[in-house]
Amino acid sequence: MALKRKDLLGLRGVSREEIEEILTTARQMKEFLTKNQKKTPHLQGKSIVTLFYENSTRTRMSFELASKYMSAAAANISASASSVQKGETLIDTGCTLDQMGTDVIIIRHPMGGAPHLLAKNVRASVINAGDGMNEHPTQALLDMFTMQERYGSLEGLKVAIVGDVAHSRVARSNIWGLTTMGATPVLAAPETFIPMDMAELGVQINHDVDSAVKDADVVMGLRMQLERQQAGLFPSVREYSEFFGLDDRRLALAKPGAIIMHPGPMNRGVEMTSALADCDQSRIREQVTNGVAVRMALLFMLTRRNLG
Ligand code: CP
C-alpha cells in the first residue's frame with residue numbers, strides 16, 4: 001500500500017495498477033469515515049502543509065481534515081498572507097517548508113507546471129491540488145472512486161463530460177485517468193470550449209449535448225468559469241445554459257440509473273438545474289465525502305513510500 005513515486009503531479013502516466021491501488025486504499029479509508037472513526041494513527045509523526053495560491057473550499061479542507069483525521073501535524077499557508085507577498089519565490093518557499101521537516105506539500109497554483117517545479121526542488125512529496133488549466137489529479141481520483149462505488153468497475157463506462165472543457169484541469173485529469181482505466185470519456189462543449197489538442201488524446205468530442213449524454217453511464221457537468229465570460233467564448237450565460245445546461249430531459253437520454261456528477265463549485269441553473277443536482281441519481285454530495293477518503297489514501301501511501 002505504498003506508492004513508488006515521490007509526488008503525485010498528474011494522472012498522465014500513472015498506471016492502471018497504481019490507480020487501482022489508490023482506489024482500494026480509499027475504500028478502506030472511507031470505512032473509517034462511515035464508522036465515524038476520525039482519529040487514526042496512519043500519519044502519526046508526519047507533517048503536512050497545504051500551500052494554496054488560489055481559492056478552494058473542497059480540496060484544501062479535505063486535505064486538512066484528512067491529515068488531522070490521521071493524526072498528522074497539519075498547517076496551511078495562504079499565499080496572500082505569506083512571504084510570497086514580499087517577493088519570496090516558489091522554490092524558496094518550498095525549501096523553507098523542507099527545512100521545517102514537512103513530509104508532504106499540497107499545492108494549488110494558477111500556473112500550469114508550478115507543482116512540477118516545486119517537486120524537483122524539495123525533499124517533501126508534492127501533491128498537485130490543481131495547476132492552471134493543466135491537471136487536478138485528486139479530483140479525478142475521487143470522481144473515479146465515486147463511479148467505481150456505483151458500478152464496481154470503470155471498464156467500458158461511457159462518461160459524458162459536459163461544459164467548459166477548455167479551461168478545465170478536472171476534465172484533463174479525468175481524461176487521463178478514465179482512459180487508463182478502460183472507460184470512454186465523451187466531451188460535449190461549444191466549439192470555443194474544446195482545446196485543439198483534445199482530439200489527439202483519443203477522446204470523442206461532440207458539440208451536441210444530447211448525443212454525448214445518450215446512453216451514458218455517468219453525466220458530469222463542469223463548472224462554467226464565469227470569470228472568463230468576458231473573453232467572448234459564448235454569447236451569454238442564459239444561452240449557454242439553454243444549449244449546454246443539464247436537466248431532467250437530458251438525463252432521460254442517459255442509461256437508466258446513470259449518475260450525475262459535478263466537481264464543484266457549482267453554478268446552479270447554469271451547468272445544471274438545481275433539481276438535477278439534488279435528484280436521487282446525483283452523487284455530487286457523495287463526491288465531497290469521497291474526496292476526504294481519496295486524500296487520506298494518498299497521504300498515507302505517499303508517506304509510506306520509503307517503507308516499501
Ligand atoms: N473541485 C474543487 O477543486 O473544488 P475547490 O475549488 O473548492 O477545491
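The following stops concern a predicted model, and each begins with something to select.

**Stop 1: helix α6**

Select residues 169-180, which form helix α6. How far apart are the end C-alpha atoms of this helix? They are 17 Å apart, and this agrees with the 16 Å that twelve residues should span at 1.5 Å a residue.

Next, colour the helix by burial. Ten of the twelve residues of α6 are buried, so the helix is mostly covered. The buried residues are Arg-169, Val-170, Ala-171, Arg-172, Ser-173, Asn-174, Ile-175, Trp-176, Gly-177 and Leu-178.

Now look at the two ends. At the start of α6, a side-chain oxygen of Ser-168 comes to within 3.3 Å of the backbone nitrogen of Val-170. After the helix comes Gly-182, which has a positive phi, near 85°.

**Stop 2: Ser-173**

Stay in helix α6 and select Ser-173. Is Ser-173 buried or exposed? Its relative accessibility is 0%, so Ser-173 counts as buried. Show its surroundings: beyond residues up to four places away in sequence, Ser-173 touches Leu-11, Glu-135, His-136, Pro-137 and Ala-140.

**Stop 3: Val-159**

Move to strand β5, residues 158-162, and select Val-159 within it. Val-159 counts as buried because its relative accessibility is 0%. Which residues does Val-159 touch, not counting those up to four places away in sequence? They are Met-147, Leu-178, Thr-184, Pro-185, Val-186 and Val-218. One of these, Leu-178, is also among the buried residues of α6.

**Stop 4: Asp-217**

Select Asp-217, in the loop between α7 (209-213) and β8 (218-221). At 6% relative accessibility, Asp-217 counts as buried, because a residue is called buried when the value is under 20%. Leaving aside neighbours within four places in sequence, Asp-217 is in contact with Tyr-151, Gly-156, Leu-157, Lys-158, Lys-255, Ala-258 and Ile-259.

**Stop 5: Leu-90**

Select Leu-90, which belongs to helix α3 (residues 90-99). With 13% relative accessibility, Leu-90 counts as buried. Apart from neighbours within four places in sequence, Leu-90 is in contact with Leu-51, Tyr-53, Ile-107, Ala-114, Leu-117 and Leu-118. Draw a distance from Leu-90 to Leu-118: 28 residues separate them in sequence, and 6.9 Å separates them in space, C-alpha to C-alpha.

**Stop 6: helices that cross α11**

Select helix α2 (residues 58-69) together with helix α11 (residues 284-303). Their axes come within 8 Å and cross at roughly 55°. That angle makes α2 oblique to α11. The crossing of α2 past α11 is right-handed. On the α2 side, the contact is made by Arg-58, Thr-59, Ser-62, Phe-63, Ala-66, Ser-67 and Tyr-69. On the α11 side, it is made by Val-288, Gly-291, Val-292, Arg-295, Met-296 and Leu-299.

At what angle do the axes of α1 and α11 cross? They cross at roughly 115° and come within 8 Å. The two helices are therefore roughly perpendicular to each other. Again, α1 passes α11 in a right-handed crossing. Residues of α1 in this contact include Ile-22, Met-29 and Leu-33, and those of α11 include Thr-289, Ala-293 and Phe-300.

**Stop 7: backbone exceptions**

Most residues other than glycine have a negative phi, and most peptide bonds are trans. The last selections depart from these patterns.

- Select Asn-36, in the loop between α1 and β1 (47-52). Asn-36 is not a glycine, yet its phi is positive, about 60°. At 55% relative accessibility, Asn-36 counts as exposed.
- Select Ser-71, in the loop between α2 and β2 (73-78). Ser-71 also is not a glycine and has a positive phi, of about 70°. At 18% relative accessibility, Ser-71 counts as buried.
- Select Pro-265, in the loop between β9 (259-261) and α10 (274-277). The peptide bond from Gly-264 to Pro-265 is cis, with omega near -10°.

How values were computed:
Residues are numbered from 1 along each chain as its sequence is written. This is a predicted model: local features need pLDDT of at least 70, side-chain atom pairs count only at pLDDT 80 or more; totals for chains, interfaces and linings use all residues. Side-chain values use heavy atoms; hydrogens and water are left out. Helices (H or I, at least four residues) and strands (E, at least two) are DSSP runs, numbered from the N terminus. The expected span of a helix is 1.5 Å times one less than its number of residues. Buried means under 20% relative accessible area, exposed over 50%, partly exposed in between (1.4 Å probe, protein chains only). A polar contact is a pair of N or O atoms within 3.5 Å; within protein, one must be able to donate a hydrogen and the other to accept it, and residues adjacent in sequence count only if both atoms are side-chain atoms. Contact means heavy atoms within 4.5 Å. Axes are lines fitted to C-alpha atoms, for helices over the stretch in contact, and angles run from 0 to 180 degrees between N-to-C directions. Angles under 35 degrees count as roughly parallel, over 145 as roughly antiparallel, 65 to 115 as roughly perpendicular and the rest as oblique. A crossing is left-handed if the near helix is turned anticlockwise from the far one by less than a right angle, and right-handed if clockwise.
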